[in-house]
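Subject: Structure handover

Hello,

Here is the structure I said I would pass on. Notes on what was found follow below.

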Amino acid sequence: METSIETRDLTRRFGDFVAVDRLTLRVERGEVFGFLGANGAGKTTAIRMLCGLLQPSSGSGKVAGCDIQTETDRIRSRIGYMPQKFALYPDFSVEMNLQLYGGLYGLQGDVLRTRMETVGKLLSLEPLLSRRTDSIPWGWQQRLNLACAILHQPEIVFLDEPTASVDPVSRRQFWDIIAELAASGTTIFVTSHYMDEVEYCGRVAILVQGGLAALDSPAGLKKTYGHTSLGDVFLDVVERAQTRGTAA
Amino acid sequence: MNASLRRIAVAARKEFLHIIRDPQSLFIVIMLPVVMMFLYGYALNADIHNAELVIEQPVPSPAARVLESRLDGSPFFAVTQILPPSSDPTQVFRARHTRALLRLPPDLDAGLRRPGAASMQVVVDGSDPNVGAQMRAAVEGATQKILLDHLNMKPPKILDQRTVVLYNPQQRSALFFVPGLMAIILLMISALLTSIAITKEKETGTLSQLLITPLRPREIIAGKLLPYVALASLDGILILTVGYLVFGVRVAGSVTFLALCSLAYIFTALSIGLLISTLAKRQLHAMMMTQLATMLPTVMLSGFIFPVSSMPMVLRGISHIVPATYYLQIVRGIILKGVGLHELWIPLLVLCAQGILLFMISVFKFRVKL
């Protein structure tokens, strides 16, 4: 299998505080990889390093075949990032936002048009193209966010708590689309602290105080820790890691 | 490089669309200079024109009649009242009938026949010092002129002093406020609007989203600033056009040189806006900081309203770091005196140096903050 993301002892310190502690990961191409952790566990810092926005203090990593310390420009053109908070332009129409992001990734002319059609169809955004972005419902704004992140056919898509405060039906549809993207070979890297989101992932990493505390498939995790729900697994993992931390 | 230019074009187009799609703000940006020009041109006009004048006349006489009709007939005054001598001349001021009172002596005609014997008094309302001083000069000047021209008086020869006013012989205030408005409006468009536009993107999180794309920080800055250069230039052209068509202000010097100097000023102002956007967290902060750090010193300390030379030491020091001080010297030089680079290279050099320094600091801070 082809490797999409690979890190070795990736560490980031802010003064005395260790935000990410010797993180070692390998994510395969086309995998849906869940990145779990409480608030402040280091998820955002890790993602910022993987996206080339933040330099690691030590350790190394490769994303889409590019070094995260030296090839940040190339990484940025090969990944897509969908933020938790809606970050498109509310005064633009849906179509204008798509055109803008396509343009920023260097798409133009027929290529841009074809991609907008394909993505519009995949996410059922076609009837909304001419609407002002702030006039469409939240669930659809999230879809547009995703559309802008995958327009340039990135090798990896980072999703930061993608379905927070989205209704269950929309959430289900959203994950169907994610599955479709992964099936076509796009690697999906999802951060979350919502357990039901994580059930859709192929493998899940649980981050506690910047370090990797557990890594397995949802079924494997449940089996190892002897729980029926991932929520209980998560609490168990966090508790054990913290007791270990205080003991040491 | 080609890809970089294309990304800048995409970012600039985006910024331009934001401006176009907000017609209310666009309307303000275009109408504000026009409205301000008409305000300064008409309402805030300090020129004396048809000012009310009251004459106190104890005895009607031929000389008094000539004085009255000539004063009333001049464009400066309208004689609204002829009063008998009163014990309290301040009454007309308290009732706000006039700003100036001309008191004639009972023996005006007799006094005029003997050199140096005539005396009259001008009483001026000094509650607004500027208007008071102007009224005083206007009444004195006009009365002297009437005495010389129409009552055949001869001036006492002490010294034959003649004053020639250059560049603005009629002392029209339009020639004075058009350069000042250039300094204020260009600063407002460049510094205020850019600092708000960038802070807005920080506030909504769209700026960090742009950074995940291949767009580099310098490309974001270029894309942000370019549309505002265009907008500020448009306002500059608007001010000069209205100044010429409505107020008859001609650019005596080179328009091309004026445009180049204005671009240098716009560049400096944009850098200030950029710097403020790296410091401010919210649009409101950005707005207040820009007001305090740029608009206020520009209006008060640049020499637009108050001459720099008559400021106390500390304020004069501050005025030397306000970019508008130098821009104003340049614009007045070009528009009124028609001078060029040979006479203006020092203020232009200072302005450019300020712009480059501010730009480097703000770009550095912008990158670090991201």
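How far apart do the C-alpha centres of domain 1 of chain B and domain 2 of chain B lie? They lie 46 Å apart. Domain 1 of chain B covers 31-44 + 172-369 and domain 2 covers 51-150; such bounds come from an automatic or database domain assignment.

This is a predicted model, in which local features need pLDDT of at least 70, side-chain atom pairs count only at pLDDT 80 or more, and totals for chains, interfaces and linings use all residues. Residues are numbered from 1 along each chain as its sequence is written, with chains lettered from A and ligands numbered from 1 in the order in which they are written.

On the interface: 18 residues of chain B are in contact with 20 residues of chain A (contact: C-beta atoms, placed from the backbone, within 7 Å). Helices H1 (2-20) and H8 (206-212) of chain B each supply at least two residues of the side that touches chain A. The largest share of that side, seven residues, comes from H1(B). Helices are DSSP runs of H or I, at least four residues, numbered from the N terminus.

On one residue: B:Thr143 sits in helix H6 (residues 129-150) of chain B. B:Thr143 counts as partly exposed because 17 other C-beta atoms lie within 10 Å (20 or more would be buried, 12 or fewer exposed; C-beta atoms are placed from the backbone). Beyond its neighbours within four places in sequence, B:Thr143 is in contact with B:Leu67 and B:Leu102. B:Met120 is 23 residues from B:Thr143 in sequence and 9.9 Å away, C-alpha to C-alpha.

Regards

Key
Two residues are in contact if their C-beta atoms, placed from the backbone, lie within 7 Å.
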